[in-house]
Amino acid sequence: MSAMLLFLCVIAAIALWWSAGQGLLSKPWLEVGIASGPRDAHDADRPKLPAQKVGLGVFLAVVGALFTLFISAYLMRVNTQDWWATPVPRLLYVNTAILFASSLCLHWAKVEAVRGRREQLRTAMLAGLMTALAFVTGQVFAWRQLVAAGYLLADDAATSFFYVITGMHGLHILGGMVALARAARLVRTEAIVTPRLRLSVELCATYWHFMLAVWLVLLALFAGWAGSFVAFCRQLIT
Amino acid sequence: MVEASGAGDIIPPAAVEDVELYHPHSWWTRYVFSQDAKVIAIQYSCTAIAIGMVALVLSWLMRIQLAFPGALTFLDAERYYQFITMHGMIMVIYLLTALFLGGFGNYLIPLMVGARDMVFPYANMLSYWLYLLAVAVLVASFFASGGPTGAGWTLYPPQAILSNTPGGQDWGIVLMLVSLIIFIIGFTMGGLNYAVTVLQGRTRGMTLMRMPLTVWGIFTATVMALLAFPALFVACVMMLFDRLAGTSFFMPAIVEMGEQLQHGGGSPILFQHLFWFFGHPEVYIVALPAFGIVSDLISTHARKNIFGYRMMVWAIVIIGALSFVVWAHHMYVSGMNPYFGFFFATTTLIIAVPTALKVYNWTLTLWRGNIHLTLPMLFALAFIVTFVNGGLTGLFLGNVVVDVPLSDTMFVVAHFHMVMGVAPILVIFGAIYHWYPKITGRMLNEGMGQLHFWITFLGAYLIFFPMHYVGLVGVPRRYNEIGETSFVPASVHDLNIFITIMALVVGAAQILFLFNLAWSLRHGREAGGNPWRATTLEWQTPQTPPAHGNWGKDLPVVYRWAYDYSVPGAPEDFIPQNQPGTYPTREAGA
Amino acid sequence: MAVVLVLVAIAVGSVLFHLLSPWWWTPIASNWSYIDHTLVITFWITGAVFVAVVLFVAYCVWRFRHDPGRRAAYEPENRRLESGLAVGTAIGVFAMLAPGLFVWHQFITVPSEAAEIEIVGQQWLWSFRLPGADGKLGRAETRDVAPDNSLGIDKADADALDDVVIEGGELHLPVGKPVKVLLRSIDVLHDFYVPEFRAKMDMIPGMVTYFWLTPTRTGTFDILCAELCGVGHSQMRGMVVVDSEADYQTWLAEQATFEQLQAALPAATTVAEAPGR
C-alpha cells in the first residue's frame, strides 16, 4: 500500500496548502460582520473558480486513487515467487504516441476556445475524438496480439493485472470521449464560443492530460521501468 | 430578509451570483426524478430506512437462533451466514453511509451553507437512482438461486467465491459485488456534490470556520469516502474477475473438497489490505457526520456555544486523516507481517486522543449550559454514553496484544455495534427528531418519542454491554451455535436469551418510531420556522418546509459563526447566523 | 430528571456488572498471562474514564437543567483546559500502549529453543504434524495435496519422512516447553483458536503463519476455528491435550510417521476420499 500512502500524502499536501489560506486558526466568535480577507472564498479581488473545475479536480483525485490502488495491488503481488512479467506489445508504444497526440489536440482545442475561433475549435475537438478512438482501438489490438501470443486473462497474475488495469484505463478514456462528444455537439448548436463551451473544452483537456499521465505511469509499471526507478531511489537513499 | 439593527455593515446579498436552478415541469420531475437536493435527501432516507428494516429483521432471526438454537427450523448454518452477511453489509453501507451522506448530506449541506441547491443537481439525481439500483441488485440476491452470499460482510477470499460458502459459486457473491460497484459509482456522483458544494457553494460570509460542525463532519466524511471507496471498488472488481474469469488475484493454490482448483499464487491478504483500507475509514465515514450532528444538537438544546469549536474542527480533520493509516488494526491476527503491529497499534491509539477531546468538549458544552431535555438532547446524551463505552473498548482491540485473545470473539461484535451501530443510530434518531419540523413543518409526537427513546437507549445498552462479556468468556463470533465446549459456562446461554429478548424489544420500538414518522406528518403539532430557536441557516428559510431554491429571492448573508447562543447582552438567547450587529459585552465575554 | 438517575445507574451498574457477574475469561493455560495483565490495566483505565465521563454528564444535566430565568454561560474555548485534557489523555493512552507494545514484542519474538509443530486447517478439520526424530519439518505444498497425501507433504524431502502426522485426532503438547506453531491452510482462511492459550492466528492458504506459546498447565482444551470458513465453521473443532513430559513421550511413541502412513496406504487407498461433508 506504499504507493497509495504516497498518493495520500500528495493529496494531504494539496489540502494543507489550500487550507492554509482558509483561516482555520481564526477565532470565529470574535469576528462578527461580513467576513473579508483571503479566507472568504467569494472575495471580490479573487476570481471564483467555477464549481465544475473544482468538481473535476476532486473527481480526478478519486480516479487517481483508483489507479493508485490498482498499482498498489500490483506492487504487492509483484514480489511473489510465481510472478513472471507479461511482455509489453510494441503496439503499446504506438498507442502511447497516439494518446499523446490526442492530448495535444485537446490542448489545441483549449487554445482555440480561448481565442474564440469556432471552426478551428471544432476541427481540434474532432481530431481529439478521433485520436482517442484510435488509442482505444489500438489497445484492443494490443490485447488481441497478447491473446494470439498465448497470454490469456486467467493465465498468470501479471497478465491478469495487465488486462484489468488497461481495461479500466480504456473505460475512462471512453467516458471522457462521451463528455468530449457532448462538448463537440455544443459547437454545432451554438453560433459563437460561449463561456459554457469554453469551460467544457477546458475540462475535457484537463481530463485528457490527466489520463495521459496515468497511462504513462501504467506503461512504466508494465514495462518494468517503475521497478528500476524504485531500485534507483533506494540506492540514492542508502 | 436581513433584520436591520442599526449596524453599518449590512451587505446587499446580490454580491453572490445565483446558481442556475433546474425547475421541475411536471409531477414526475418534481417528486420522482427530482434534481432538488431536499427531495433526493428524502428519497435516500426512505430507501435507506426501508432496506435497514430488512437488516433489522435479519438481526432478530439471528438473535433467535443464538438464544434458541434450532427453534427456527429453516434457519440452518447456511441461512445464518447469509443473514449475518446481509445484515452487516446493509447496515454499514446501504443504511448508515447512505443515510448520513445521501440523506443528511443532501438535506443539510445546501441549507446550512446558504446555497440554493447542490452544485451538480443532475449528477445528484443520478446518484440516488444508482443507489436505488444497487439496493435492488442487493435485494435480488435474496431471490437468486443459492441465495445471497454468506461470506461475512468482509467478503474474505478465498471462501467468498468457493462452493462451501453460501452463494459462493452461485449468484450471491456476484450480485453482492456488482451491487457494491454500482453503489460506489453512485456515491462518487453524490460525493462530488457534497464536497464541491461545501467548497464552492457557500453563501457570502460563510467562511469555513463559520460552518456548523454538522457540515464539517459530513464534508470530511465525504472526502474520506471519495478516497476510500476506490479501494473497495478495486477489491470488488478483482474479486469479480477471480470468480467469473478464473483469474488469481486473491486465490492461492487451493484444494477444495479433495480437488485441486485452477487458481494459484494469489494473495488473500492483499484483499484484506484493500478491504480494510476502505473499511477503516468507513467507520469514520459513519462516525464523523454523527460527531458533527451531535455537536449541533448539544449546542442548540443546551443553549450554549459548542465548547472549543476550533478544536472540534481540527479534531474532525485530524481523525479523518489519521483514519487512513490505521487500517491494519483489523488484521493483527491475519498473518500479515507481525512488525506492522507496532506501527498500527500506535497510530490507532493516537486517534484516541482527538476523539477523546471531542467527547470532553461535548460534556464541557453541557457545563454551565441551560439544558433543555428535549428528545434530540436525550438522544445526544445517550450517544455520549454509548460512544464513550464503544470507543473505550476500541482501546482494547486497537492495542495489538490485547486484541489477540479478543479478536474474532463476540467482544468485537459488541464493540463495533456499540461504537458504529448504536451510537451513530442514536444520533440519526436525535437528528430526525431535530430536523423533522424543518422537513415537514410539524413536530414529531413527544409521547411516542419518549417511549421510543427509553426503549431504544436502555435496550441497546443492555444488548451490547453484556455481549462484551460473552466474548471475554471466549465465544467466537459468526457461530450459529456455540455447541459443546469446556470453557463456556451454561449461564452464558441465559445471557444470550436475555440479549435476544432485548433485541426483539428494541426492534419493536423502531416500528413505533416509523409509525410516529407517518402519524406526525398529519397530526403533529405545527412547528413554525424555527421551533428550537437555533442559529444555523437552515432554520432561517423564508418557508417551512423550504421551497425549491431554498431562499426565496435573495441568498442569505452570514455575519457570525454558527454558535451564538446566550451571547451576553443580546436580547434573545440565540442570534441567527444571518443577523448582523454586535453586542457591547461580547468582547468581554470572549 | 429520570435521565440523571439512569445515567448514574448506567455508570454504577456497568461497574457492578463487571465486578459481580460470573462471566470472565477462562483460566489461562499458557505463558501469555502478560496479555491478561495488559487487558486488566486497560479495563481499569477505560473503566475509570467511562465512569468519570458518564457521572460528569449526569451532574451537568442535573445542575444545569433548563431554568427559565437563567442564561447559559458564553464560553467559546479554554485553551488551558483543553491542552491539559489532551496531555492527560495522551498519558493514559501511553500507559495502555507501552505495556501492549512490550508484550507484542515478546509475542512475535520466538525463543530459539521453541520446538516447531505444524497445524493444518481445511474445511472443517484440524490436522497436525510434528517434526519427528530429526526435529525438522519436511517441505509441504498445497499443490502436492492428493487423496493419499492430504497435507501435501513433499515425499521427496528426506526431512518429511519421519514427520508425525495426525489427521483429525488430538494434538498433544508437553507442558512447560515452548512451541512455535506453524499454521497452514489448504483451502480457505481458518484461525487456530484455543481460548486457554490466549494466542491465536489466522491460517492463510498459500502462506505459513506462526505464533508461539509455552503451555503452563496440563489438561484438555478445545480447539475452535475463529475465522469464518464456510458453512461448517462452527463445527470445526479439535482437541489439544497438554501432557506431562512422560505422558507426552508415551503418546508420541504411539503415533505413526509419514513414511509409515504412506507404507500402509496401498491397503487403504479405497478410503482416501475427500474430508469433510
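In the contact between chains B and A, 53 residues of chain B meet 41 residues of chain A. The structure described here is a predicted model. On the side of chain B that touches chain A, two or more residues come from each of α5 (172–200), α6 (213–245), α7 (268–301) and α8 (309–322) of chain B. Helix α6(B) gives the largest share of this side, with 10 residues. Classified by residue type, the side of chain B that touches chain A comprises 33 nonpolar, 15 polar and five charged residues.

Chain B also takes part in a contact with chain C, to which chain B contributes 97 residues and chain C contributes 86 residues. On the chain C side of this contact, at least two residues each are supplied by the helices α1 (2–20), α2 (33–63) and α3 (79–108), and likewise by the strands β6 (190–193), β7 (200–203) and β9 (219–225). The largest share of the side of chain C that touches chain B is that of α3(C), which provides 14 residues. This side of chain C consists of 52 nonpolar, 17 polar and 17 charged residues.

Chain B contains 15 helices and two strands. Its radius of gyration is 24 Å, which agrees with the value near 25 Å that a compact globule of 590 residues would have. Along the principal axes, the C-alpha atoms of chain B fill a box of roughly 85 × 50 × 50 Å. Of the 590 residues in chain B, 68% are buried. Where contacts in chain B link residues at least 6 apart in sequence, 79% of them join residues at least 24 apart.

Chain C has six helices and 10 strands. For its 277 residues the globule rule gives 19 Å, and the radius of gyration of chain C, 27 Å, is well over that value, so chain C is more spread out than a compact globule. The C-alpha trace of chain C spans about 95 × 40 × 35 Å along its principal axes. Buried residues account for 40% of the 277 residues of chain C. Among the contacts in chain C between residues at least 6 apart in sequence, 71% connect residues at least 24 apart.

Within chain A, the packing of two helices was considered. The axes of helix α2 (residues 51–77) and helix α6 (residues 195–223) of chain A come within 11 Å and cross at roughly 10°. Helices α2(A) and α6(A) are therefore roughly parallel to each other, and the crossing is right-handed. From α2(A), the residues in contact are A:Gln52, A:Lys53, A:Leu56, A:Leu60, A:Phe67, A:Ile71 and A:Tyr74; they meet A:Leu199, A:Leu203, A:Thr206, A:Tyr207, A:Phe210, A:Val214 and A:Leu221 of α6(A). The contact of α2(A) with α6(A) is made up of 11 nonpolar, two polar and one charged residues.

A further site in chain A is A:Ser102, located in helix α3 (residues 91–115) of chain A. A:Ser102 counts as buried because it has 26 C-beta neighbours inside 10 Å. Residues up to four places away in sequence aside, A:Ser102 touches A:Gly128, A:Thr131, A:Ala132, A:Phe135 and A:Trp208. Between A:Ser102 and A:Met125, the C-alpha to C-alpha distance is 9.3 Å, and the two residues are 23 residues apart in sequence.

Terms used: Residues numbered from 1 in each chain as written. Chains lettered and ligands numbered in written order. Predicted model: local features only at pLDDT ≥ 70, side-chain atom pairs only at ≥ 80, totals over all residues. Contact = placed C-beta atoms within 7 Å. Helix = DSSP H or I, 4+ residues; strand = E, 2+ residues; numbered from the N terminus. Nonpolar A, V, L, I, M, F, W, Y, C, P; charged D, E, K, R; others polar. Rg over C-alpha atoms; globule rule 2.2 N^0.38 Å. Buried ≥ 20, exposed ≤ 12 C-beta atoms within 10 Å, placed from the backbone. Axes fitted to C-alpha atoms, helices over the stretch in contact; angles between N-to-C directions. Parallel < 35°, antiparallel > 145°, perpendicular 65-115°, else oblique. Left-handed = near helix turned anticlockwise from the far one by under 90°.
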